[in-house]
Amino acid sequence: MSLGLKRAGFEVVAAYDSWQAAVDVYRQNLGGFVRVADLKDIFRIAPEIVAQRPDMIVGGPPCQDFSTAGERIEGERAGLTRAFAMLVCIVRPRWFLMENVPLAARSDAWRDARAMLVKAGYGLTETTLNATYYGVPQTRKRLFVVGRLGEADAFLESALAAARSPEKMPMRAMFGEALGGCYYAHPRHPGKRGVWSVDEPAPTMRGSSRRPMPATYQPRPGDTALVEAGAFFTRPYHDGRGVRSLDEPAPAVVRTTRERPRQSHLDRPHPADSVHPAKAAVLTQEQVSRIQGFPIGWDWSGAAVRDVDQMIANAVPAPLAEAIGRTILAREAGESIPEIQGRFGQWLRRSKGFNGQAVRNGKSRVNRARRLLGGRTFPDLAGELAALDAVEAFAALPTGTRSDLRKALRLYREWQEQPKGRRKVKAVLPAAVEAVAA
Ligand SMILES: C[S@@+](CC[C@H](N)C(=O)[O-])C[C@H]1O[C@@H](n2cnc3c(N)ncnc32)[C@H](O)[C@@H]1O
């Protein structure tokens, strides 16, 4: 996550993990500000973090107690989710970002953590993102919670969705260069993709795109074998599929992803396997690391092979963290606003008798007010209107325009506060049922 956030433009000032080997790898790649610490030791850690005055606290509390692979008995590790929330509540940075497995959303630990964060004044965006839409060829669904002081809930959801690419990234997009069906376009941002398949839309070419391919983009050991096999094996969960084609993303990386097929897999291949597991490539550790978004050249030296597998599996892919980081920074800079959600227009038409033009005006005024507010949302209308009044550019507008913008925000709030169930029922059911539901 630190790598992705740095690429997005954050300065990382401190980092902690209780695992010495992970701290060593972090230090040799990202910086000496990392140290070993038990984050449950809040008495010791909280004053230290307060002194750093961070704008954001970021964490991926251990997920074994929640994950489908684990036993799902909430134990001490789940407690780290509570410790994370406590640290955020004590330090009170403007933002926080937490990652976990989707099942964590239904855990007792998150229920407690959530209650503390809400009480401390954070608006929460709780969303599951799939890494394959954010720059890595891996179907990895994870819960991300973004909190910002003073916001309404779901404030960043539409912006995170907008950062998503329309297509899943297939493995071929990362490894295809080994066969030459690819070309190199120098990336606009360091760490961004430089190699593109001839079968996909080209990136925007500019003068600076035509630089020579750096040596790091040369085919890597194992890549040619992988592309020639056209399929790869990853150890399946239970009775799931073990073989995937290069034209699809890899399944979520876990510690055992690059294990060879066992005899049972060879004897009883999954009916949907595109080739026999014996013919599929087994991924190298370096390939698994790249699928998790670590760049070529990431220095894993010094760590035991098995520990490296675990560290890779633990990570948030850097391109996904980068996309989230960019989305946060854009909102912080007032460059993005939340999208109008749901059937606000339909509601204006039906409940308020607005015609087409009035609906368009209503929506564009909500957006204009939100741009004036720098993309901020507010838990209550009074706070939102007061904040708008305090904006200089708003105060300079003619009286009629100001009252139109206030009215649009009032209407949007009224729509948002409609009971959800009824709102849905009204939209989809015929009148008779609507009356019953009402
Ligand atoms: C899901 S991993 C997240 C790794 C990392 N944040 C990343 O982005 O790749 C959870 C991490 O929590 C660490 N951890 C577990 N218990 C801890 C504790 N009590 N204090 C600090 N770190 C702990 C583990 O060593 C592991 O590296």
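Which residues line the largest cavity? They are V254, R255, T257, R258, Q285, V288, D309 and I312.

## Basis

This is a predicted model: local features need pLDDT of at least 70, side-chain atom pairs need pLDDT 80 or more, and totals for chains, interfaces and linings use all residues. Residues are numbered from 1 along each chain as its sequence is written, and side-chain values use heavy atoms, with hydrogens and water left out.

## Cavity

The structure holds 1 cavity of 30 Å³ or more. The volume of the largest cavity is about 40 Å³. Helix 10 (285–291) and helix 11 (305–314) each give two or more residues to its lining. By class, that lining has 3 nonpolar, 2 polar and 3 charged residues.

A cavity is a set of points on a 1 Å grid over the protein atoms alone where a 1.4 Å probe fits but cannot get out; lining residues have an atom within 4 Å of a point. Its volume is the space filled by probe spheres set on the points, which are joined across faces, edges and corners. Helices are DSSP runs (H or I, at least four residues), numbered from the N terminus. Asp, Glu, Lys and Arg count as charged; Ala, Val, Leu, Ile, Met, Phe, Trp, Tyr, Cys and Pro as nonpolar; the others, Gly among them, as polar.

## Aromatic contacts

There are 11 aromatic pairs (Phe, Tyr or Trp ring centres within 6.5 Å, using the six-membered ring of Trp; planes under 30 degrees apart are stacked, over 60 edge-to-face, the rest tilted). The F294 and W300 ring centres are 4.8 Å apart with planes at 70°, so this pair is edge-to-face. Both residues are buried (under 20% relative accessible area, 1.4 Å probe, protein chains only).

F344 and Y412 are also edge-to-face, because their centres lie 4.9 Å apart and their planes are at 85°. F344 is in helix 13 (residues 344–352) and Y412 in helix 17 (residues 399–416), so the pair ties together parts 68 residues apart in sequence. F344 and Y412 are both buried. Ring pairs link F344, W347, Y412 and W415 into a cluster.

Technical notes: 1 Å grid on protein atoms, 1.4 Å probe; cavity = no way out; pocket = protein on both sides within 12 Å on 5 of 7 lines; lining within 4 Å. Buried < 20%, exposed > 50% of the residue type's maximum accessible area, 1.4 Å probe, protein only.
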